[in-house]
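The following note was prepared for a colleague who asked for comments on the fold.

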Amino acid sequence: MKITDIKATTITVPLEAALRHSNGTHWGRFVRTVVEVETDEGIVGLGEMGGGGAGAELAFAGLKSYLVGHDPFDLNRMRYAICNPTASLYNNRTQLHAALEFACLDIIGKKLGVPVYQLLGGRVRDRIGFASYLFFRYADRRSGRGEVRTIDQLLKHARALKAEHGFHAHKLKAGVFHPDYELECFRALAAEFPADTLRYDPNAALSVEEALRFGQAISDLRNDYFEDPTWGLAGMRRLREKLSIPLATNTIVIDFEQLATNVRDPAVDVILLDTTFWGGIRACVRAAQICDTFGLGIAVHSSGELGIQLATMLHLGAVLPNLVFTADAHYHHLADDIIVGGKMRYENGAIAVPEAPGLGVELDRDKLATYAELYRSLGGYAYDRDPGRPGWYPLLPNTSFADHLNDAVPDLGLG
Ligand SMILES: [Mg+2]
């Protein structure tokens, strides 16, 4: 079989509300690029990558000269064809490679008539549990609804998500407001859901000392782990010497070199595996095996997914014996999806691993066209800016947090 063409389409899919994080905001929408790899046998594989625009579409188009004529079964060669480590110093294609690996695995599965998890050695579970992934949110400008800023709003939102999807673990995306206020929020969640587990993730916004203070103040709670409280292996290592809570990262151990460093000189206990950041599902499986060997924990990370990428996370979770934590997904914050049948559904906090050949999802072409048009009309958004604080951008560690008493509703450019 040979690859004959690679098509990339950047789309914008609405979120239920604008999601705030320590480095900026998702401005009420996700921009993603859907990749279709075509073959001479008529089988088309699907991939997905975060971000997009003309840059992403051109980047995939630029790989056609490398990959047209390549056999999609030759995954090991593809890695070196486009991700040679030395060439990557100049032109890092890790995330492009991930999207193309997803598509090639989809093609192989469709050709052989088996789900991707079978290509990875077979599943050990058929459902993947997820955490609630709570965000502070801006209200919708038109309806005035959807805000999550006060403790009452946060608890109401968490209760609603738990009632609808059945979550048993709650992750607070944090680092937006001052840590003293977020500590109140986090402890209120713990009091509201005493049987559930928790995780706090300020995206490395805190100094080592502030993270230490925060970690000590939550150490009596049912923490899965304390996620990226501060930046850098050295800072995390200092924290790890002083805290009893496991430390997790999706930020500073995202390749094999960093994993080797963390094995030699541990700074992090739980590695959050992202099928995009690591360059594909297979790299995550290898990393999980290394973590298992050295007694490190793992979980499945979310970098903001539509149904195609969600399928990669489900197949990954299905084959990892050492996956004891629930996964993360932004998925339930989406208003819609671009796969046939609409959004996948949670049951008791878990999503079933797709059973159909390949990734097990099909593209809804009408939705793809609709959301490609929405991208063209709205354009991109600045992930690393906060529409409620024009001109602001965070230092690291951050010393200028948002005001939790300010209920302003910024213009998100959504019309
Ligand atoms: Mg994180």
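How many residues of domain 1 are in contact with residues of domain 2?

1. The model under review is predicted. In it, 40 residues of domain 1 contact 34 residues of domain 2. The elements that supply at least two residues each to the side of domain 1 touching domain 2 are the strands β1 (3-14), β2 (18-21), β4 (29-39) and β5 (44-50), together with the helices α3 (75-83), α4 (94-112) and α13 (365-378). The largest share of that side, twelve residues, is provided by α4. By residue class, the side of domain 1 that touches domain 2 comprises 21 nonpolar, eleven polar and eight charged residues.

2. The bounds behind this count come from the domain assignment of the chain, which gives domain 1 as 3-114 + 366-378 and domain 2 as 119-359. Taken over C-alpha atoms, the centres of domain 1 and domain 2 are separated by 23 Å.

3. An open sheet is formed by three strands in the order β1-β4-β5, with antiparallel pairing.

4. As one example, Asp5 has Glu38 of β4 as its bridge partner. Helix α13 packs on the sheet and touches β1 and β4; the direction of α13 makes about 65° with that of β1.

5. Two packed helices are described by the angle between their axes and the distance between the axes. For α6 (residues 151-165) and α7 (residues 179-192), the packing angle is about 40° and the axes lie 10 Å apart. Angles under 35 degrees would count as roughly parallel; α6 and α7 are therefore oblique to each other. The crossing of α6 past α7 is right-handed.

6. Which residues make the contact between α6 and α7? From α6 they are Ile151, Leu154, Leu155 and Ala158, and from α7 they are Glu184, Cys185, Ala188, Leu189 and Glu192. The residues of this contact divide into seven nonpolar and two charged, with no polar residue.

Technical notes. Residues are numbered from 1 along each chain as its sequence is written. This is a predicted model: local features need pLDDT of at least 70, side-chain atom pairs count only at pLDDT 80 or more; totals for chains, interfaces and linings use all residues. Axes are lines fitted to C-alpha atoms, for helices over the stretch in contact, and angles run from 0 to 180 degrees between N-to-C directions. Helices (H or I, at least four residues) and strands (E, at least two) are DSSP runs, numbered from the N terminus. Angles under 35 degrees count as roughly parallel, over 145 as roughly antiparallel, 65 to 115 as roughly perpendicular and the rest as oblique. A crossing is left-handed if the near helix is turned anticlockwise from the far one by less than a right angle, and right-handed if clockwise. Two residues are in contact if their C-beta atoms, placed from the backbone, lie within 7 Å. Ala, Val, Leu, Ile, Met, Phe, Trp, Tyr, Cys and Pro count as nonpolar, Asp, Glu, Lys and Arg as charged, and the others, Gly among them, as polar. Domain bounds come from an automatic or database domain assignment. Two strands pair if DSSP finds at least two bridges between them.
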